[in-house]
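Here are my notes on this model, as numbered points. Please read them with the structure open.

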Protein chains: 2
Amino acid sequence: MARRSEHSLEEIREMVLNAAENIVIEDGVSALTVRKIALEIGYTVGSIYMVFANMADLILHLNARTLDDIAAQLEQVQEPDPEQCIEALAKAYLHYASTHFNRWHLIFEARLPEGATIPVWYQDKVDHLFSRVEARFAELAPQRAEAERKRAARAVWGGIHGICVLSLNGTLDRVGLYDVEESVVLLVRNFIHGWVAQGVD
Amino acid sequence: MARRSEHSLEEIREMVLNAAENIVIEDGVSALTVRKIALEIGYTVGSIYMVFANMADLILHLNARTLDDIAAQLEQVQEPDPEQCIEALAKAYLHYASTHFNRWHLIFEARLPEGATIPVWYQDKVDHLFSRVEARFAELAPQRAEAERKRAARAVWGGIHGICVLSLNGTLDRVGLYDVEESVVLLVRNFIHGWVAQGVD
DNA sequence: ACCTGAACACCGTTCAAGT
DNA sequence: ACCTGAACACCGTTCAAGT
């Protein structure tokens with residue numbers, strides 16, 4: 001057969017990512033297979049390997065989309081007060097994780113094949129997410145050293161993520177979404193107050 | 001062939017779990033397959049299904065061991081001061097996660113098959129881990145309501161876990177182990193100070 | 001009763017062959 | 001140059017058949 005140039009490689013790439021995204025959204029991480037993607041876009045398995053090196057590469061690019069998506073959501077948050085802003089960012093992250101659970105979950109499922117390293121462009125997207133929080137910590141305590149603020153941002157953001165993981169994955173804790181938000185707010189608020197008040201380093 | 005009663009079912013069960021544990025420790029989560037376990041213990045694949053319902057069941061029991069192991073490590077922590085104790089528990093958890101990464105990682109990899117629910121005995125083990133931290137929060141603020149203390153314990157423990165996840169998985173953040181410990185301590189200390197000082201609820 | 005091992009329905013990945 | 005589809009080396013799970 002060898003259907004010729006019905007779509008450009010760029011188009012196929014896009015089709016693959018769209019199909020993969022839908023499969024993950026609808027049927028979860030474990031349902032994502034090359035064969036299912038191929039079926040969905042009307043090509044055969046071999047074609048996928050024209051536009052992605054392998055499954056891990058495909059997932060990496062899918063996750064990149066999700067990171068952009070999360071970034072866009074966080075961008076919506078516009079609180080003037082830095083403390084309230086960090087709180088709102090935390091809530092927005094939790095909200096994204098709970099409403100787009102499967103896509104969010106895929107980010108942390110990704111195990112790069114041995115020896116492989118995360119591409120710089122991907123790491124940049126992650127750093128960009130962190131930078132939002134860091135910037136607010138800078139506003140919160142302009143007099144402190146940058147390294148100190150960075151560590152605070154990482155600690156609190158890691159903390160937020162951890163509560164999301166334990167609560168949403170359901171492996172560790174069964175609790176309503178309302179309670180999760182309460183926990184997140186509790187963590188952020190108390191950490192910031194502790195940090196601002198006496199500057200434990 | 002049908003080798004008869006060389007080992008009791010109980011013994012085979014133990015052999016399976018031991019083999020599985022070693023495979024995970026040495027070659028990681030993705031290397032854990034029924035065929036590999038069978039090869040390791042000198043039985044065929046079918047035998048595994050005499051002692052475990054399926055792979056998910058096997059992994060659940062492997063994770064139960066890991067939870068016991070973590071609990072035993074946390075039991076070692078004997079700090080009289082509640083704040084320092086929580087800090088030490090956090091460090092011990094981080095230490096376990098980093099030195100037994102593969103086993104720790106498997107706990108959160110487990111996706112129970114659709115419709116399945118976590119057994120009570122397993123959930124009890126998880127609750128037992130949480131209770132250690134809760135008890136210390138109770139000492140920290142005996143006058144506060146139990147629900148409040150539980151939420152604080154969950155928030156801070158989730159937070160500790162999150163920092164471990166983001167740092168150790170390496171998907172999100174590349175940073176030395178020393179820095180991770182600093183972040184964990186930073187989170188715990190500031191959260192507790194904020195929580196004790198003004199009781200944000 | 002215990003255990004085998006072949007069979008089934010899947011995976012991801014490769015690549016000679018077709019248009 | 002683009003794409004196929006069969007082949008390869010794997011999975012987890014089942015179950016008739018052997019001792």
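1. How much area is buried between chain A and chain B, and what percentage do carbon and sulfur atoms give? About 4,100 Å² is buried, and carbon and sulfur atoms give 63% of that area. Buried area is the accessible area (1.4 Å probe) that two parts lose on being put together, summed over both.

2. A word on conventions. This is a predicted model, in which local features need pLDDT of at least 70 and side-chain atom pairs count only at pLDDT 80 or more, while totals for chains, interfaces and linings use all residues. Residues are numbered from 1 along each chain as its sequence is written, chains are lettered from A and ligands numbered from 1 in the order in which they are written, and side-chain values use heavy atoms, with hydrogens and water left out.

3. The fold of chain A is helical. Chain A has nine helices and zero strands. Helices (H or I, at least four residues) and strands (E, at least two) are DSSP runs, numbered from the N terminus. The C-alpha atoms of chain A fill a box of roughly 70 × 35 × 35 Å along the principal axes.

4. Back to the interface. 43 residues of chain A are in contact (heavy atoms within 4.5 Å) with 43 residues of chain B. The rule finds two salt bridges across this interface. A salt bridge puts a side-chain nitrogen of Lys or Arg within 4 Å of a carboxyl oxygen of Asp or Glu. A:Arg151 forms a salt bridge with B:Glu182, with the closest N and O atoms 2.6 Å apart. On the side of chain A that touches chain B, helices H6 (101-109), H7 (120-140), H8 (146-168) and H9 (177-198) of chain A each supply at least two residues. H8(A) gives the largest share, twelve residues. By class, this side has 21 nonpolar, 14 polar and eight charged residues. Ala, Val, Leu, Ile, Met, Phe, Trp, Tyr, Cys and Pro count as nonpolar, Asp, Glu, Lys and Arg as charged, and the others, Gly among them, as polar.

5. Salt bridges overall. The count over all chains comes to 24. One of them joins A:Glu21 to A:Arg103, the closest N and O atoms being 3.8 Å apart. A:Glu21 lies in helix H1 (residues 9-27) of chain A and A:Arg103 in helix H6 of chain A, so the pair ties together parts that are 82 residues apart in sequence.

6. Cavities. On a 1 Å grid over the protein atoms alone, a cavity is a set of points where a 1.4 Å probe fits but cannot get out, and a pocket is an open set with protein on both sides within 12 Å along at least five of seven lines; lining residues have an atom within 4 Å of a point. Grid points are joined across faces, edges and corners, and a volume is the space filled by probe spheres set on the points. The rule gives three cavities of 30 Å³ or more. The largest cavity has a volume of about 170 Å³. It is lined by 14 residues, and A:Phe108, A:Val165, A:Asn169, B:Phe108 and B:Asn169 are the closest to its centre.

7. The second largest pocket. Its volume is about 270 Å³. Helix H4 (residues 55-76) of chain A gives the most to its lining, with six residues.
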